[in-house]
Amino acid sequence: MNLWNRLRTTATALLPDCREASRVQSKLLDHPLPASRRFGLGLHLLVCKWCRRYGRQIRFLGHAARDHQDELLKSDCGLSPEARDRIKRRLRE
Amino acid sequence: MQPDPTSNPESAKPPGVLSEPSQWVDEHGDYLFRFALARLRNPVLAEDAVQDTFLAALKGGRNFAGRSAERSWLTGILKNKIYDHFRKAGRETSFTDLQFYNDEDSDRFVAEGAGQGGWIHELGPQEWPNPGESLDNELFWRTYRDCSGKLSKNVAAVFNLREVDGLDSREICALLDISESNLWVMLHRARMALRRCMETNWFDKIK
């Protein structure tokens with residue numbers, strides 16, 4: 001990577017815009033990130049309440065899914081009667 | 001007079017064998033089907049996965065105290081069946097389909113000029129006061145299910161593997177045969193779309 005690209009990447013890391021910050025906040029949930037990214041994100045979050053909310057909200061939704069798996073599965077559907085019988089028959093073999 | 005143990009067919013059953021298989025279907029069939037359907041998004045595949053699960057469980061033959069332990073065990077087997085499917089399907093279907101990667105809420109960021117890349121304020125994330133309280137609300141969960149349903153099949157699969165099953169990035173990449181950068185784009189997409197949908201359809205409405 002040539003010098004110019006390297007400078008540009010570092011600038012983006014240290015001074016992310018909101019679009020970039022939303023990507024970084026998501027990535028941070030799955031992967032440790034280099035210090036420059038974390039630092040740049042931290043600076044951005046100091047001054048941007050929308051991005052602070054974004055981070056809180058995606059974390060909230062992730063935890064909600066993890067902690068309430070049963071709720072995610074609720075529905076009116078189930079095995080069709082044909083499937084049910086077919087499986088029972090198979091099991092008896 | 002003592003009953004003759006050798007004439008009683010029940011005593012021939014090895015100790016610790018699970019309850020009647022046909023009981024499993026009635027007790028756990030619907031639950032497992034819904035689980036599989038949520039992951040595979042295809043009722044036929046889901047039925048097959050459930051059948052394979054019961055067949056594998058029959059061979060396994062473990063002893064369990066209680067219905068919920070039995071269900072957890074069956075769910076574990078089902079998850080592996082689903083993961084097997086993903087491993088095979090990964091090569092055929094396009095988990096790397098870049099078509100839907102492009103619109104990450106582009107309409108909500110300032111496109112050009114001063115403030116480019118920033119949230120357009122009125123369209124940015126709004127305040128969600130006391131979101132935890134919604135977790136007790138059945139309608140919240142119905143909305144969540146609907147919003148998850150709107151995610152494309154592959155994006156939803158990745159979200160489930162990561163957020164619900166808790167697999168780490170490396171495991172998911174190995175399972176689906178995708179690169180880390182594909183993975184994080186899909187997760188970003190899922191989180192962004194879900195957040196937006198929940199804001200529009202729940203949090204904005206309960207104000």
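Asn130(B) is situated in the loop that joins H3 and H4 of chain B, where helices (H or I, at least four residues) and strands (E, at least two) are DSSP runs numbered from the N terminus. Although Asn130(B) is not a glycine, its phi is positive, at about 45 degrees. Asn130(B) counts as exposed because 7 other C-beta atoms lie within 10 Å; a residue is termed buried if 20 or more other C-beta atoms lie within 10 Å of its own, exposed if 12 or fewer, and partly exposed in between, with C-beta atoms placed from the backbone. The model is predicted: local features need pLDDT of at least 70 and side-chain atom pairs count only at pLDDT 80 or more, while totals for chains, interfaces and linings use all residues. Residues are numbered from 1 along each chain as its sequence is written, and chains are lettered from A and ligands numbered from 1 in the order in which they are written.

A positive phi, of about 60 degrees, is also found at Asp177(B), which is not a glycine. Asp177(B) belongs to the loop between helix H6 (169-176) and H7 of chain B. Asp177(B) is partly exposed, because 14 other C-beta atoms lie within 10 Å.

The secondary structure of chain B consists of 7 helices and 0 strands, and from the N terminus on its elements run α-α-α-α-α-α-α. Of the 207 residues in chain B, 31% are buried. Among contacts in chain B between residues at least 6 apart in sequence, 67% join residues at least 24 apart; two residues are in contact if their C-beta atoms, placed from the backbone, lie within 7 Å.

Phe203(B) lies in helix H7 of chain B. Phe203(B) counts as buried because it has 20 C-beta neighbours inside 10 Å. When neighbours within four places in sequence are left aside, Phe203(B) is in contact with Gln126(B), Trp128(B) and Met198(B). Phe203(B) and Pro131(B) are separated by 72 residues in sequence and, from C-alpha to C-alpha, by 8.2 Å in space.

The domain assignment of chain B gives domain 1 (15-92) and domain 2 (99-111 + 127-203), the bounds being taken from an automatic or database domain assignment. Between these domains, 8 residues of domain 1 of chain B are in contact with 7 residues of domain 2 of chain B. Helix H3 (residues 67-92) of chain B gives the most to the domain 1 side of this boundary, with 6 residues. By class, that side has 2 nonpolar, 1 polar and 5 charged residues; Ala, Val, Leu, Ile, Met, Phe, Trp, Tyr, Cys and Pro count as nonpolar, Asp, Glu, Lys and Arg as charged, and the others, Gly among them, as polar.

The largest nonpolar core has 55 residues, such a core being a set of buried Ala, Val, Leu, Ile, Met, Phe, Trp, Tyr and Cys residues joined through C-beta atoms within 7 Å. The residues with the most contacts inside this core are Ala36(B), Val50(B), Leu78(B), Val158(B) and Ala190(B). H7(B) supplies the largest share of the core, 10 residues, and each of domain 1 (15-92) and domain 2 (99-111 + 127-203) of chain B gives at least three. Not counting residues up to four places away in sequence, Val158(B) touches Ile172(B), Leu183(B), Met186(B), Leu187(B) and Ala190(B).

Chain A has 6 helices and 0 strands, in the pattern α-α-α-α-α-α along the sequence. The radius of gyration of chain A is 23 Å, whereas a compact globule of 93 residues would have one near 12 Å; the radius is taken over C-alpha atoms, and the globule rule is 2.2 Å times the number of residues to the power 0.38. The C-alpha trace of chain A spans about 70 × 35 × 20 Å along its principal axes, and 25% of its 93 residues count as buried. In H1(A), the count of buried residues among its 12 residues is 0. In helix H2 (residues 18-28) of chain A, by contrast, the buried residues include Cys18(A), Ala21(A) and Val24(A). The buried residues of H2(A) pack against helix H3 (35-47) and helix H4 (49-67) of chain A together with H7 of chain B.

Across the two chains, 43 residues of chain B are in contact with 37 residues of chain A. H1(B) gives the most to the chain B side, with 9 residues. The residues on that side divide into 23 nonpolar, 11 polar and 9 charged.
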